[in-house]
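Subject: Structure handover

Hello,

Please find the structure below. My notes on it follow.

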Amino acid sequence: MTRNASLRARWFCETLSGLVLGVGGVTCALGADQPAVEFDRDIRPLLADRCYACHGPDESARTTELRFDTKEGAFTDLGGYQAISPSNPDQSEMFKRITTEETALRMPPVYSGLKLNSEEIELIRLWIEEGANWQSHWSFIPPKPPVL
């Protein structure tokens, strides 16, 4: 099963579980074996491709103080709200901006020519909902032998 197909299956199962929660709940076998969304594997590449032009490490190209290339920047207090509010996508300004229908507020900006598709938006939502775990770049994480 491809990553996109597994995300769709997980979304369907979570939605179905939510609909029948009052009837005793549903166990979702489709999403049970799916790994959690991993920042370094799933989210960092999206941010690097779609967000770093304006919110990244290049000081001369950055158009705002908000940064998504550092943990401190992504989770900083923005005057009573956060760009990323762990476990709460609806309170995360980033998620609001990538899902808004209002063209002037939509991120990435329309003029950039960059877009997030619905599966990428869902992946970001799941990551935030799962606690927005931020990992160091893979090159800074000591390797661990696999469990045999």
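How many helices and how many strands does the protein chain have? The protein chain has seven helices and zero strands. Helices (H or I, at least four residues) and strands (E, at least two) are DSSP runs, numbered from the N terminus. Along the sequence the pattern reads α-α-α-α-α-α-α.

First, some ground rules. This is a predicted model, where local features need pLDDT of at least 70 and side-chain atom pairs count only at pLDDT 80 or more, while totals for chains, interfaces and linings use all residues. Residues are numbered from 1 along each chain as its sequence is written, and side-chain values use heavy atoms, with hydrogens and water left out.

**Overall**

The protein chain has 148 residues, and 36% of them are buried. Buried means under 20% relative accessible area, exposed means over 50%, and partly exposed lies in between (1.4 Å probe, protein chains only). Take the contacts (heavy atoms within 4.5 Å) between residues at least 6 apart in sequence: 51% join residues at least 24 apart.

**The largest pocket**

The largest pocket has a volume of about 350 Å³. Its lining counts 23 residues, and the closest to the centre are His55, Leu66, Phe68, Arg97 and Met107. Helix H3 (39-50), H4 and helix H6 (93-99) each give two or more residues to the lining. H6 gives the most, with four residues. By class, the lining has 18 nonpolar, two polar and three charged residues.

Here are the terms. The grid is 1 Å, over the protein atoms alone; a pocket is an open set of points where a 1.4 Å probe fits, with protein on both sides within 12 Å along at least five of seven lines, and lining residues have an atom within 4 Å of a point. Grid points are joined across faces, edges and corners, and a volume is the space filled by probe spheres set on the points. Ala, Val, Leu, Ile, Met, Phe, Trp, Tyr, Cys and Pro count as nonpolar, Asp, Glu, Lys and Arg as charged, and the others, Gly among them, as polar.

**Two arginines**

Arg67 sits in the loop between helix H4 (52-55) and helix H5 (71-74). Arg67 counts as partly exposed because its relative accessibility is 24%. The side chains of Arg67 and Asp69 make a polar contact of 2.6 Å. That term covers a pair of N or O atoms within 3.5 Å; within protein, one must be able to donate a hydrogen and the other to accept it, and residues adjacent in sequence count only if both atoms are side-chain atoms. Leaving out residues up to four places away in sequence, Arg67 touches His55, Gly56, Pro57, Arg62, Gly73 and Ala74.

Arg50 lies in helix H3. Arg50 is buried because its relative accessible area is 17%. Its side chain reaches the backbone oxygen of Lys115 at 3.1 Å. Arg50 also touches residues beyond four places in sequence, including Pro108, Leu114 and Glu120.

**Aromatic rings**

The structure holds three aromatic pairs. Rings of Phe, Tyr and Trp (its six-membered ring) pair if their centres lie within 6.5 Å; planes under 30 degrees apart count as stacked, over 60 as edge-to-face and the rest as tilted. Phe75 and Trp134 are edge-to-face, at 5.9 Å centre to centre and 75° between the planes. This pair links distant parts of the chain, 59 residues apart: Phe75 in the loop between H5 and H6, Trp134 in the segment after helix H7 (118-129). Phe75 counts as buried at 17% relative accessibility, and Trp134 counts as buried at 13%. Ring pairs join Phe39, Phe75, Trp127 and Trp134 into a cluster.

Best wishes
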